[in-house]
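Student: I have a model open and want to go through how it is put together. Can we take it piece by piece?

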Amino acid sequence: MKKQPAQWLLSIASIGVVGAILTQSYGTAVANTDTESFVQTPEQKITTRQVAALLDRSHYLNQPLNSEMGSKILDMYIDSLDPNHTLFLQSDVDEFKKKYADDFGSRLKRGDLSAGVEIFERYRTRSSEYFEMANKMLKTKIDLTGNETIILDREKLPHFKTKKAQRDYWARQLKFQLMSITLGQESEKAKEKVFLDDPDITRGQDLVRDDQRTPSEILLNRLTRQQGQMDRLKDDEIMETVLNTAMLTYDPHSNYYAPVQANELQIQSSLQLEGIGVSIRPDRKNPDYTRIVTLVDGGPAAKTGQIKPNDLIIGIAKDGKTMTDVIGWSTREIVSLIRGKRGTSVTLKLRQPNSPDASARTVTVVRDIIQQEESGVTQRVIEMPYTDNNNQVTTKRIGVLEIPSFYLNYRARRNGEDYRSVSIDTENAVKELNKQNIDGLVIDLRNDPGGSLDEVAKMLGLFIKSGPLVQIRDNRGNIQVYRDDDGGKQLYDGKLVVLTNLASASASEIFAAAIQDYGRGLVVGNTTTGKGSAQIQLDSLALGSATLTQRKFYRITGGSTQNKGVIPDVELVNIYDDATFGERAQKNALPWDTIKTAAYKPEGKFSSDTLKTLNQQSKIRQQQNPHFVYLSTLNDIRNMDDEKKPIDLDINKRRAKMKLIEQRSLEAENKRQIATGSSPYANWNTYQAAMDAKFEERSQMKQSERPELPEDEVYIYEAAQLMLDAQPEVIATPEEKL
């Protein structure tokens with residue numbers, strides 16, 4: 001197999017401060033923070049120049065960072081801060097464009113962030129105005145009836161021209177949020193009554209929140225918590241917002257990461273972190289508190305014997321510093337305090353739920369390397385009845401490989417240490433499955449966001465005899481081919497099917513495309529994301545790291561995986577919204593195109609008649625299978641609300657709409673229950689209570705212990721059925737033709 005530089009990365013998941021913190025402009029109200037005191041450090045200036053130079057000279061598009069591109073970055077920066085066009089007035093936008101449109105790019109090239117900081121400061125000012133208005137309005141009685149409407153999705157609508165129009169929208173937005181909280185409370189109270197009347201349904205868990213706060217108090221507390229998070233933003237994170245937006249203006253997968261985010265990217269790609277070995281989430285009863293959910297067996301936290309599941313984290317002292325009160329902090333902020341270098345210590349202040357703060361205890365933990373074992377490849381064998389063409393029923397043993405990502409611990413490999421990778425884990429898993437005499441193999445790539453190019457090439461070599469695997473073109477038009485040149489060796493040469501969905505991206509798409517092009521197996525499920533570009537990961541910046549798009553992927557047949565994705569041979573029910581998810585819904589996505597076909601020899605071929613028959617048969621099964629019918633019905637119910645259209649601001653109308661959605665959802669679930677031999681739920685509240693208890697219980701299990709969800713497993717069985725039914729044509733060798 002042809003080796004390639006290890007630093008080439010198919011980005012796993014773009015992490016951006018804007019997406020994580022500034023999700024909706026009207027939901028992140030903040031008080032004034034003195035960003036005027038943001039004086040760039042030498043490292044920040046150098047980093048800004050480095051990022052600008054990368055875009056100017058090294059991006060796949062070969063688009064210089066000139067005044068035109070700088071103006072586009074400015075537009076996207078404004079939209080990234082205020083995606084719903086509710087905070088900035090049109091006069092703000094006009095002012096910024098007049099002052100900075102011509103030289104925003106040149107400022108970045110000089111390392112000057114002052115324009116971006118000034119705009120960020122205006123964002124804070126407008127957000128503060130929203131908070132002040134909300135604070136006053138939420139202390140008055142608000143009528144939740146009337147004939148008003150609101151459009152929640154304003155991305156394509158203009159900014160408000162006057163403060164009066166803006167404040168009118170803010171008032172309606174607050175009314176909508178209060179209405180939603182009120183209806184949510186009604187639903188929560190109804191569920192809690194079920195828990196109290198039938199304690200067995202809780203499965204021994206404390207699920208009664210008994211929240212006595214009014215909707216106004218809840219909303220005000222929520223806004224105050226968001227304000228605190230914004231107040232704690234560091235200068236590096238503000239810089240990240242500016243620089244990440246600049247990179248996203250070139251394409252959706254070029255990103256800049258501040259130091260804390262750079263650490264997250266490394267964790268995702270290596271399945272290894274340096275921390276204490278706990279999972280956390282906001283507390284169910286009071287989201288101001290962060291609760292420890294599980295502990296990693298043998299991890300530093302578990303070894304202390306003093307940290308328990310359900311402990312609430314109320315304070316953290318990082319690396320011997322003063323204890324910081326973290327009540328009201330986000331889980332992201334708390335994670336950044338807990339994580340650190342191996343061998344250093346962190347002190348947690350903890351208390352059990354329903355106990356006073358005075359009973360809190362402090363525990364010091366020494367950080368260590370935590371291997372995320374459960375995040376890697378998993379294998380299992382399912383047994384399913386199969387009826388052949390002679391109506392003979394036999395039991396087939398089907399191997400299932402679940403690939404969460406194409407992970408590789410680059411640093412450990414570079415340092416000559418033992419390391420984990422998806423190809424190593426897959427090879428070991430396939431060897432185990434081969435010992436079990438399986439009749440076919442399902443490779444599940446659903447929700448697999450990608451990873452290492454080296455790793456996907458190595459994995460393909462386990463299933464394909466030999467030949468080209470993927471073509472790559474750089475920004476100069478040079479084409480490079482990754483090949484499997486192992487003399488025709490195959491670790492597994494049996495029946496094969498690859499399962500994909502709209503969240504299968506990047507390396508997943510390369511794998512699925514090669515299996516499809518070689519006729520090695522079927523691809524079933526849904527059209528993939530369409531992320532057909534490669535990023536180089538840059539860890540040599542003065543601060544943080546970056547990924548930069550420099551190459552594009554092409555199938556061996558010549559078509560790009562970019563934008564179009566991989567279209568399955570057989571389509572299954574799609575649970576994602578194509579209009580909002582995937583590459584085709586992204587801003588500034590690179591286009592689809594083609595290059596020459598690489599010379600390759602298919603191993604098999606599924607004729608058009610075969611695929612037509614398989615699709616027809618599968619469609620009939622999906623229309624009859626209760627789980628597929630349930631998922632299709634949920635898709636229809638989901639489409640009942642369109643945030644681009646006016647929504648009534650009358651709680652009675654919203655309650656009636658909600659009841660209709662609940663009724664249809666319950667009907668769909670009960671049809672499934674009856675069809676699968678289970679008892680239907682008496683009403684919506686009982687159903688919701690049972691689901692809450694079920695998923696709370698699952699969240700506390702290790703991944704390997706969680707039972708498969710039937711609505712997920714149905715895809716595995718349908719993929720296996722299609723694989724067994726498919727009869728590929730064998731491609732004859734030249735000798736056989738003679």
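This is a predicted model: local features need pLDDT of at least 70, side-chain atom pairs count only at pLDDT 80 or more; totals for chains, interfaces and linings use all residues.

Student: What about E6 and strand E7?

Tutor: E6 also pairs with E7 (residues 312-318), in the antiparallel sense, over two bridges. Thr-290 has Ile-313 in E7 as its bridge partner.

Student: Is E6 mostly covered or mostly open?

Tutor: Mostly covered. Strand E6 spans residues 290-295, and five of its six residues are buried.

Student: Changing topic. In what order do the strands of the six-stranded sheet come?

Tutor: The order is E12-E13-E14-E17-E18-E21, in an open sheet with mixed pairing.

Student: Why is one side of E12 and of E21 left without a neighbour in the sheet?

Tutor: Strand E12 (378-387) and strand E21 (570-571) are at the edges and have a single partner strand each, so one side of each has no neighbour in the sheet.

Student: And how do E17 and E18 run?

Tutor: Parallel, with four bridges between strand E17 (residues 496-500) and strand E18 (residues 522-525). Val-498 stands opposite Val-523 in E18.

Student: Which helix lies across those strands?

Tutor: Helix H21, residues 710-725. It lies across E12, E13, E14, E17, E18 and E21, and runs at about 60° to E12.

Student: What does Leu-108 touch?

Tutor: Beyond its neighbours within four places in sequence, Leu-108 is in contact with residues including Thr-48, Ala-52, Ile-73, Val-242 and Leu-243.

Student: One more: where is Thr-47, and why does Thr-47 count as buried?

Tutor: Thr-47 is in helix H2, residues 42-58. Its relative accessibility is 0%, and buried means under 20%, so Thr-47 counts as buried.

Student: What is Thr-47 in contact with?

Tutor: With its neighbours within four places in sequence left aside, Met-239, Leu-243, Tyr-256, Ala-542 and Leu-543. Leu-243 is also a contact of Leu-108.

How values were computed:
Residues are numbered from 1 along each chain as its sequence is written. Side-chain values use heavy atoms; hydrogens and water are left out. Buried means under 20% relative accessible area, exposed over 50%, partly exposed in between (1.4 Å probe, protein chains only). Contact means heavy atoms within 4.5 Å. Two strands pair if DSSP finds at least two bridges between them. Axes are lines fitted to C-alpha atoms, for helices over the stretch in contact, and angles run from 0 to 180 degrees between N-to-C directions.
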